[in-house]
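Reader: I'm new to reading protein structures and would like to go through one step by step. Could you show it to me and let me ask about it?

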Amino acid sequence: MSLFDQKTVCKYCVEEIKPCKDEGIQCLECNQTVHLRCLKRGSVPGGLHGDVFFTYKCAECSASGVEVFIRNKASWMQIIVLVLYHLREKRPGLARRGFFHWRHHVASFIDKNWDIIFPPDTKMKKKWRGTIAGTLSHFSPFIFVSGTSIFNEPAWWTLKYTSLSPYVITQLHAEMINEKGVLKSKKLKVPSDAELFHKVLGVYVEDEEYLQTFIVNTIQVDIKDDYDKVPAVRKPVRTKRKGCSSSLNNPRKLFKDGSASLDLPIKPLRTEPEEKVQSQINCPKKEVTENAEGIKLYDPFCHYNTSLNKLAYLRGTSLYTKITGGIRREPFLSPYSEIYLKPYIRRDTEVFPAWLKLMAEIQLTVNTKYDDDYELPPRAPIDYTYVQPEHIPAINSLCNQFFWPGIDLTDSLKYPDFSCVVLYKRLIVGFAFLVPDVSYTENYMSFCFTRPGWRNCGIGRFMVYHLIQTSLGKDITLHVSINNPALFLYQKFGFKVEKVVLDFYDKYLICDYNDKSKHAFFCRLER
Ligand SMILES: [Zn+2]
Ligand SMILES: [Zn+2]
């Protein structure tokens, strides 16, 4: 007997219903089944992929003529299977080689969709997140597979049988429990859950196609793997830039004195999985000093290019985005909050940073020589936006130049709500990032940077202001070098120094061009 033997057809379209492929939901009254895709309302409430855990009445059987859905109470196993199945299908980009993080992906998804997943008035128990972790281990390795052996940390999970739908897995599990009861009543030896599940699977699912088990995704680009494929550059950028003979080519010199930088490098967060930190800070001191060949760079094409001119290298951006300099005009969906973020945070037409003043002066001086009536062309506004994939190469490149090599801020795309990128036309002039949820009550400011020449005119202030606005109700913490004038800005916003961390930047500031102290203040803004 196989679960796939019974042939059912959809009540609405009269085509066959194929379990695991073209799932259907059964009407309580007429017992006929309807494809999820054929439902009159377009999808089940909440739209979760493969979600059939409702008590359903078709349009014909319901008194009002409208389909009725009542959420069934589901076990945690069912819920997690459902969420992983949905994420696999709809959010494959979040996965790390096919695995999802139980807290950042699974628990946060459940948290955000609580009202969809649970029957109304289901109370959130205090330790429900812990239940998720427990459930995953309990049903491992026959329903869930852990990525521990691959990532060296026990946080990554996925479904073992990738082709089985949540409904079929639930059926199999019910059969397994059934079988267990039978064995117990006969006082026979009960094998382990894993063995029993496998046995049930063999009986009910005959088709090999459905028995495919998860294979670690090697095609998908993993940031860390990618480092190895990039050819090493012989010398760090800085040395190369020093070769520029003209001082005009090197704007930093002009503005070195008195420029208040707002830069503070990231601290490897204890709550962050080690691998993740590694991918952000791929620059352990040891590796660099031992490796005389030079430092591996993430993106050799974009390394010297800190404007957005290399957009042609970026796939997945629309032509419109490319020709308008990477500034999007349409709202985009945040994978973190699942809300649409506006393409702009703010547009500033007033501010006149020192660098633009200098440029204007040069333009005036040159042009008034030949034309007394010369007028400067209108200035472009300064745009504050949320981080977008097309910003990342330029931001990484700036980090490589101004902080230390190997920084990769790709992860920030997972929570664009907590970012601010400042653009002048196609040039990135500043950026600031928060890492959300480093602890239950705390967000951490990982980077805040304004280009030299664009400082002291409120850009950094607005970025910090914006980030504070995004994390209402949560403390914000940060590290700042003890001789970095940005400290005054943070203090103006109410950040208080909590402690001094000696040699905090020791690991990072390996190149001695940075004039910042290696000691840091740890500051907190209490909410
Ligand atoms: Zn149908
Ligand atoms: Zn019906």
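Reader: How many bridges join strand 16 to strand 17, and do they run parallel or antiparallel?

Author: Before we start, keep in mind that this is a predicted model. Strands of a sheet pair through backbone hydrogen bonds, either parallel or antiparallel. Here strand 16 (residues 442–450) and strand 17 (residues 475–481) are joined by four bridges, and the direction is parallel.

Reader: Which residue is the bridge partner of Glu-442 in strand 17?

Author: Strand 16 covers residues 442–450 and strand 17 covers residues 475–481. Look across from Glu-442 into strand 17, and the bridge partner you find is Asp-475.

Reader: What is the order of the strands in the open sheet of eight strands?

Author: The pairing in this sheet is mixed. Strand 12 (346–348) and strand 18 (496–501) stand at the edges with a single partner strand each, so one side of each has no neighbour in the sheet. Neighbouring strands are turned by 20° against each other on average, ignoring direction. Reading across, the order is 12-13-14-15-16-17-19-18.

Reader: Is His-35 buried or exposed?

Author: His-35 sits in strand 4, while Cys-13, 22 residues apart from it, lies in the loop between strand 1 (8–9) and strand 2 (16–17). Cys-13 is partly exposed at 26% relative accessibility. Buried means under 20%, and His-35 has a relative accessible area of 0%, so it is buried.

Reader: What arrangement do the four donor atoms make around the zinc ion (ligand 2)?

Author: The donors are Cys-27 (SG), Cys-30 (SG), Cys-58 (SG) and Cys-61 (SG), at 2.2 to 2.4 Å. To count as tetrahedral, all angles have to lie between 85 and 135 degrees. The angles here are 101 to 121°, so the arrangement is tetrahedral.

Reader: How many residues apart in sequence are Cys-27 and Cys-61?

Author: The donor residues of the zinc ion (ligand 2) follow the spacing C-x2-C-x27-C-x2-C. Cys-27 is in the loop between strand 3 (24–26) and strand 4 (33–35), and Cys-61 is in the loop between strand 5 (54–57) and strand 6 (68–71). Cys-27 is buried at 1% relative accessibility, whereas Cys-61 is partly exposed at 24%. The pair ties together parts of the chain whose separation in residues is 34.

Reader: Where do the buried residues of helix 14 fall when seen down its axis?

Author: An α-helix has 3.6 residues a turn, so residues three or four places apart point the same way. In helix 14, Trp-355, Leu-356 and Ala-360 are buried, while the face turned away from the buried side carries the exposed residues Glu-361 and Thr-365. The buried residues line one face of the helix, because they fall within an arc of 135°.

Reader: What is the phi of Asp-121?

Author: Most residues other than glycine have a negative phi, and most peptide bonds are trans. Asp-121 lies in the loop between helix 3 (114–117) and helix 4, and it is exposed at 79% relative accessibility. Asp-121 is not a glycine, yet its phi is positive, at about 65°.

Reader: Which residues does a cis peptide bond join?

Author: Look in the loop between helix 4 (128–138) and strand 8 (144–146), where Pro-141 has its place. Omega is about 0° for this cis bond, and the residues it joins are Ser-140 and Pro-141.

Notes: Residues are numbered from 1 along each chain as its sequence is written. Chains are lettered from A and ligands numbered from 1 in the order in which they are written. This is a predicted model: local features need pLDDT of at least 70, side-chain atom pairs count only at pLDDT 80 or more; totals for chains, interfaces and linings use all residues. Side-chain values use heavy atoms; hydrogens and water are left out. Donors are N, O and S atoms within 2.8 Å of the metal (3.2 Å for Na, K and Ca); water is not among the atoms, so sites may look incomplete. Four donors count as tetrahedral if all angles lie between 85 and 135 degrees; four count as square planar and six as octahedral if opposite donors are over 155 degrees apart and all others between 65 and 115; anything else is irregular. Helices (H or I, at least four residues) and strands (E, at least two) are DSSP runs, numbered from the N terminus. Buried means under 20% relative accessible area, exposed over 50%, partly exposed in between (1.4 Å probe, protein chains only). Two strands pair if DSSP finds at least two bridges between them. Axes are lines fitted to C-alpha atoms, for helices over the stretch in contact, and angles run from 0 to 180 degrees between N-to-C directions. The arc is that of the directions from the helix axis to the C-beta atoms.
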